[in-house]
There are 2 protein chains.
Amino acid sequence: MDVFDDLRRRLVSGDFAYGVKLRAEVLKNDYGCSASTVREALLRLSAMGLVEFQEQRGFRMPDQSPQRQHDITEMRILLESEGACRAIRRGGVAWEARLTAAHHKLSHIESRIAALGPGDDLRALWAGAELEFHQTLLSACGSATLIEMHLTVYYRYRQVQAEKDRKFLYLAENIQEHAAILNAAVNGDEAAMRRSILKHFERHLMPPGAAAPQPGPSLAG
Amino acid sequence: MDVFDDLRRRLVSGDFAYGVKLRAEVLKNDYGCSASTVREALLRLSAMGLVEFQEQRGFRMPDQSPQRQHDITEMRILLESEGACRAIRRGGVAWEARLTAAHHKLSHIESRIAALGPGDDLRALWAGAELEFHQTLLSACGSATLIEMHLTVYYRYRQVQAEKDRKFLYLAENIQEHAAILNAAVNGDEAAMRRSILKHFERHLMPPGAAAPQPGPSLAG
DNA sequence: TGTCCCGCAAATTTCGAGATTTCAAGTCTT
DNA sequence: AAGACTTGAAATCTCGAAATTTGCGGGACA
């Protein structure tokens, strides 16, 4: 497999601990290539936000902060709601069919995980099917830019959620939520779609009262 | 100046014609460095969507299609409206002050352009002030991710609008529209903010009835 | 005349060595 | 003892040459 694709896979699947250094000189051993080639992949990944890059200080896996997790989740809600609603407006029956198919595959894998427990092979299948479901959801939105930005955020989301993904926390909830999204799509119900997407993600938002870092000193100080 | 920053500047200011090849071997002459260093910058810029990259086929300036222009404009409306409204909710008087200052600088430059006509030095000043105004607008939104994605879209927008920017078409309109955005901000009026932002960009959207590429054969065929 | 195949030139990518910068430990000064 | 300076090893970045791939043009063949 390509260095870039495989590094991205590892970055979003919890192969690297948060904050660790990513040295091209070391990683080249995992691929049969030079450090320059790895460096090139890391540079591209850093432009996508999956790797932190500081000039003259190399590459790092990003830290996992609650704020970052919240931010990325919010962004996914925004882009995915918008994209899904546009897709409802433009999609038509062909889109509904594709989404139903994608959901069927995903749901099948999720059931097997629920029955057999997690395993590396099922995890890989799930990762592919989950991405395909959410990509299909937006596929008819009519905006290549929106689809592209959503994909960027999708990977960042997987990256900060990697620990939870690994254990399949919330598997039962996810099964229901994916079904709710599919239903909203085939019913052409935009409001239900926004509700379903919010429901799917809101447990990863920070509680509303949580510390807001933006304004200077706390008003209650 | 850094190769990466300068290439980005040139990419969004119309230095390159749409669709032309960008060869590291050639561009290295503009900077006192090797082709590898230029290649590295181009790779990062391609991850940001300002350069098209195809494996084994090198780099190109993206083509300018009406669809792409429409897409990017739509995305800017979405992100900028969302960010500005969040900033209204969280901003406070310090944010309003910074926005007023940024607007003052921008407005001053725009007036000078209206009086003296465009010129390379004013154009450079304008580019900096316009970016700063729109960045300040979102600066209090509380989401680093939203700010980052907006910046990505901002540069893409400038890239597809470069021809118009160069001639300062719509200068008079822009002056009014920037003022309207500032007003909505200091009044804390989210609905007015959304209206103002839409107004600022809608002339670059495709007309509502225009060809929608997504569905298969035209219904009217 | 048109098509296919081969080979050459140009473009792109990969590579490892050399130059530069960072980081940490140790030494000196106050 | 705290802080500033020195020093060397390790990490990072730059570079141009070598290897690979692409694309084009000429010639063979139907």
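Modeller: Below we talk through the DNA strands, one arginine and the pockets.
Modeller: Ground rules: this is a predicted model, where local features need pLDDT of at least 70, side-chain atom pairs count only at pLDDT 80 or more, and totals for chains, interfaces and linings use all residues. Residues are numbered from 1 along each chain as its sequence is written, chains are lettered from A and ligands numbered from 1 in the order in which they are written, and side-chain values use heavy atoms, with hydrogens and water left out.

Biologist: OK. Which residues come nearest to DNA strand C?
Modeller: A:S34, A:T37, B:K21, B:R39 and B:Q56, out of 16 residues around DNA strand C. A residue is near a strand if one of its heavy atoms lies within 4 Å of it.

Biologist: What part of DNA strand C do the atoms within 4 Å of the protein belong to?
Modeller: Sugar or phosphate for 88% of them, and bases for the rest.

Biologist: Which element gives the largest share of the surface near DNA strand C?
Modeller: α3(A), with 3 residues. Both α3 (35-47) of chain A and β2 (52-54) of chain B supply at least two residues there. Helices (H or I, at least four residues) and strands (E, at least two) are DSSP runs, numbered from the N terminus.

Biologist: Now DNA strand D. How many residues surround it?
Modeller: 17, and the closest are A:K21, A:R39, A:Q56, B:S34 and B:T37. Of the atoms of DNA strand D that come within 4 Å of the protein, sugar and phosphate account for 87%.

Biologist: What are the distances to its phosphate oxygens for A:K21, A:Q56 and B:S34?
Modeller: A polar side-chain atom of A:K21 is 2.2 Å away, a polar backbone atom of A:Q56 is at 2.9 Å, and for B:S34 a backbone N or O atom is at 3.0 Å. β2 (52-54) of chain A and α3 (35-47) of chain B each give two or more residues to this surface.

Biologist: Switching topic: is A:R86 buried or exposed?
Modeller: A:R86 counts as buried because its relative accessibility is 10%; buried means under 20% relative accessible area, exposed over 50%, partly exposed in between (1.4 Å probe, protein chains only). A:R86 is in helix α4 (residues 66-90) of chain A.

Biologist: Which side chain does A:R86 join in a polar contact?
Modeller: B:E74, at 2.7 Å.

Biologist: Last one, pockets. What's the volume of the largest?
Modeller: About 1400 Å³, the volume being the space filled by probe spheres set on grid points joined across faces, edges and corners. On a 1 Å grid over the protein atoms alone, a pocket is an open set of points where a 1.4 Å probe fits, with protein on both sides within 12 Å along at least five of seven lines; lining residues have an atom within 4 Å of a point. The largest pocket has 50 of them, with A:A47, A:M48, B:A47, B:M48 and B:G49 nearest its centre.

Biologist: And the second largest pocket, which element gives most of its lining residues?
Modeller: The largest share, 8 residues, is from α6(B). That pocket's volume is about 610 Å³.

Technical notes
Polar contact = N/O pair within 3.5 Å; in protein donor to acceptor, adjacent residues only side chain to side chain.
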